[in-house]
Amino acid sequence: MSASISPTPSIETLPPFRRSPENQAGSSTKIEGKIPDWLRGEVVRTCPAVFETSGWRAQHWFDGLGMIYAFRIGNSAIDFRSRLLDSETVRDAWHGKANLGSFGTPTSRPLLQRIFEPVPRISDNTNVNIVRLGQELVAMTEGDRQLVIDDETLAAVRPVAYSKDALSRAIMTAHPHFDFERAKVVNVATAFGVSGVVSVYEHAPAARQRDVVGSWRTKRVPYVHTFGLTPRHVILVAQPFAVAPVKMLWSSKGYIDHFDWHPEEGTRLVIIDRSSGEVREHVTEAFFVFHTVNAFERGDATVLDLLAYPNADIMASLRTNRMITELPQLTPSLTRLIMRPGSERATVEKLSDVGFEFPSTHYKLANGRPYRFAYGASDGYQAGGTYTSAIVKVDIDTGRATSFNDGTHIFGEPLFVSQPEGGSEDDGVLLTVGSAQNAESSVLAIIDARTMTLVASATVQSSIPLGFHGSFLRKEG
Ligand SMILES: [Fe+2]
């Protein structure tokens, strides 16, 4: 008689990654506190939600099949709805297949297909971010396709129809910037060939013609999740977590599993002039980064603030088999890099002792300029082994932080929403979604950004998996 084998536990059973039945059309929430009169609109977010089907299992957090969800904030009510993404990747997974290249989960392509198509087509599992681009609500991952999402049903409608161009198979970041003065969306796309070409492109929000404003070529391609934008420059962080593209040929490994950590090379900082396309490079110590916080010009120096991990170990700690026993320590250091023309070495300053992830600012007021406040979620183990979560506000000038937590929820990215007449960087609220650690419920917390106290909350009897990014779509008028 054979011994029974207990199945490997899934992170779907574990808060904060647990999910309730999906496709909830318009359930109401329980509101406590008073919703500010001026706060009308919708919080729209995307997250990895399904980590296994029969025949397929995500091996990395970033490969969970996407779910789009929204809290609609009205006069006296907040409604919640959610919908699993319908995409090529998702349909494959429900059939137990993995034909498209994904982040950290192997493909299961037949040998012949691998021979004739040495690099797989890329996943369209847009579970990283969702933003408004012109009239379209667009869900994104790090891929060559972005999906248009229907505002009402949250269904994926079609891929965004960019004009055919040299970037057609390039991987766009899921963190486009917005240049309000020039009315441009700015993003970075990486094309893999014998070497890598990392291009900065721009387009008007409603246009789908991408204009390349500058490119940087490299033999070993760094992992690029975000970048810095000032009125004059784009700043790329060429961290030493990189891949020689040839390693990806005929491989069935996940995209990121081809990358190696080369700390001896340090981190290169690549500044691309948005007018001339001219490229200049600086170098600093090795670190790993997902998120930049802000960038600006100070005299002839370019300043980039970002959240730095000492090495790339965080990437391995986001594998699902690791997360089942240990939640990720999402507490990188707020770090300032100062780059001066004529000086190859960039200066490094640590701005705060408080570690956090999922940064945000009063984007319209602060991005590309000297600024005062950064916000984020500080999720991690404390001494003694308790996992805690707090929304933090860091004063860039002093490094001091104030925070909000309720002892119950694990919170993700706080979105800053300014008061319509607000004139300062903390004149508004932070909107953040938290998953209860010990109950089948989640909350949308509305936090006063000035005092970091709870203004109102909307509780939904549904587990919303911790995810990454989203937007607040303000209802005008
Ligand atoms: Fe991100």
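## Histidines at the iron site

H175 and H469 are both buried, where buried stands for under 20% relative accessible area, exposed for over 50%, and partly exposed for anything in between (1.4 Å probe, protein chains only). The model is predicted, so local features need pLDDT of at least 70 and side-chain atom pairs count only at pLDDT 80 or more, while totals for chains, interfaces and linings use all residues. Residues are numbered from 1 along each chain as its sequence is written, and side-chain values use heavy atoms, with hydrogens and water left out.

Both histidines belong to the iron site: the NE2 atoms of H175, H225, H291 and H469 coordinate the iron ion at 2.1 to 2.2 Å. Donors here are N, O and S atoms within 2.8 Å of the metal (3.2 Å for Na, K and Ca), and since water is not among the atoms, sites may look incomplete. Along the chain, the donors are spaced as H-x49-H-x65-H-x177-H. H175 sits in the loop between strand 12 (171-172) and strand 13 (177-179), and H469 in the loop between strand 36 (453-460) and strand 37 (470-474), so this pair ties together parts that are 294 residues apart in sequence. Helices (H or I, at least four residues) and strands (E, at least two) are DSSP runs, numbered from the N terminus.

## Geometry around the iron

Why does the arrangement of the four donor atoms count as irregular? The angles they subtend at the iron ion run from 90 to 163°. To count as tetrahedral, four donors need all angles between 85 and 135 degrees; square planar (four) and octahedral (six) need opposite donors over 155 degrees apart and all others between 65 and 115, and anything else is irregular.

Five strands form an open sheet in the order 1-7-6-3-37, with antiparallel pairing. Its edge strands, strand 1 (27-28) and strand 37, each pair on one side only. Two strands pair if DSSP finds at least two bridges between them; strand 3 and strand 6 (residues 65-73) share nine, in the antiparallel sense. T46 has I68 in strand 6 as its bridge partner.

## Salt bridges

A salt bridge is a side-chain nitrogen of Lys or Arg within 4 Å of a carboxyl oxygen of Asp or Glu, and by this rule the count comes to 31. One of them joins R45 to E413, with the closest N and O atoms 3.0 Å apart. R45 lies in strand 3 (residues 41-50) and E413 in the loop between strand 32 (409-411) and strand 33 (415-418), 368 residues apart. Both R45 and E413 are buried.

E88 and R145 also meet in a salt bridge, at 2.8 Å from N to O. This pair links helix 1 (residues 88-94), which holds E88, with the loop between strand 9 (136-140) and strand 10 (147-149), which holds R145, 57 residues apart. E88 is partly exposed at 23% relative accessible area, whereas R145 is buried at 18%.

## A nonpolar surface patch

L111, L112, I115, F116, V119, V246, L249 and W250 form a nonpolar patch on the surface, with about 840 Å² of accessible area together. Areas come from the Shrake-Rupley method with a 1.4 Å probe; for residues, only the protein chains shown count as cover. Patches are made of residues with over 30% relative accessible area and no salt bridge, joining like charges within 9 Å and nonpolar side chains (Val, Leu, Ile, Met, Phe, Trp, Tyr) within 5 Å. I115, found in helix 2 (residues 111-116), counts as partly exposed because its relative accessibility is 43%.
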